[in-house]
Amino acid sequence: MNDTEIKLIGSARLPTRFGEFTAHAFKGATSGIEHLALSVGEVAGEAVLTRLHSECLTGDVFGSCRCDCGEQLDLALRKIAEEGRGILLYLRGHEGRGIGLGHKIRAYGLQDGGLDTVDANLALGQAIDSRTYEFAADLLRQWGVKSIRLMSNNPRKKLALEAAGIVVVEQLRHVVPSNAENEKYLATKRTRMGHLLD
């Protein structure tokens, strides 16, 4: 997916357990994929608290303990609500770092057989990480966002946004507690993918 143009479909109030957000639905001109953005407060301007959250059905919806995605989503929404100003971009089409849900489940099976998340993707003939963020940068520009404080452990997100012309004034580590099921996964993200994890 390589959308660089997205258009707004509609916006509406979205009350959540973390507080009230405004939900904005967008559609990619090239892919046809619909993305969701949740905002609080006036986001045009400088140093906007921002999270680019890649879709993870197993973690975000079903509470999978194999990753840290669901907990990271909750943490980002809580932080934005507490600050009273910020944006969460929920990026669809990013499942399994871009390999899709079916391949992700197959990769889980390979991980149960001993491979780490990187080698499992490669064994399936898939990229380690094929996500792109140009359309997220386009969204931020459309909103008049001048610079952001990025909640992410992934240095690639910061570099990709900066390459697309978004000023990242601060990268905030976005760490949630590990568990017995995801310790190896998180260690692989740290040692093989350069994520900013302790």
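In the predicted model, the secondary structure of the protein chain comprises 8 helices and 7 strands. The radius of gyration is 16 Å, close to the 16 Å given by the globule rule for 198 residues, so the chain is as compact as a globular protein of that length. Along the principal axes, the C-alpha atoms occupy a box of roughly 50 × 35 × 30 Å. Of the 198 residues, 46% count as buried, and the accessible surface amounts to about 9,200 Å², with 52% belonging to carbon and sulfur atoms. Among contacts with a separation of 6 or more, 63% join residues 24 or more positions apart.

The chain carries 25 positive and 25 negative charges, whose mean positions are 1 Å apart. Side chains of opposite charge can pair when their charged atoms come close. In this model, 13 salt bridges were counted.

One of these joins K189 and D68, with an N to O distance of 3.4 Å. K189 lies in helix 8 (residues 183-193) and D68 in the loop between helix 1 (57-61) and helix 2 (69-83), so the pair ties together parts 121 residues apart in sequence. Relative accessibility is 7% for K189, which counts as buried, and 2% for D68, likewise buried.

A salt bridge also links D116 and R192, with the closest N and O atoms 2.8 Å apart. This pair connects the loop between helix 4 (101-112) and helix 5 (117-123), which holds D116, to R192 in helix 8, 76 residues away. D116 is buried at 13% relative accessibility, whereas R192 is partly exposed at 44%.

In the salt bridge between E95 and K104, the closest N and O atoms are 2.4 Å apart. E95 is buried at 6%, and K104 is buried at 7%. Finally, E83, R149 and E170 are connected in a network of salt bridges.

Key. Residues numbered from 1 in each chain as written. Predicted model: local features only at pLDDT ≥ 70, side-chain atom pairs only at ≥ 80, totals over all residues. Heavy atoms only, no water. Helix = DSSP H or I, 4+ residues; strand = E, 2+ residues; numbered from the N terminus. Rg over C-alpha atoms; globule rule 2.2 N^0.38 Å. Buried < 20%, exposed > 50% of the residue type's maximum accessible area, 1.4 Å probe, protein only. Contact = heavy atoms within 4.5 Å. Areas by Shrake-Rupley, 256 points an atom, 1.4 Å probe, with all protein chains shown as cover. Lys, Arg positive; Asp, Glu negative; His and termini not counted. Charge placed at Lys NZ, Arg CZ, Asp CG, Glu CD. Salt bridge = Lys/Arg side-chain N within 4 Å of Asp/Glu carboxyl O.
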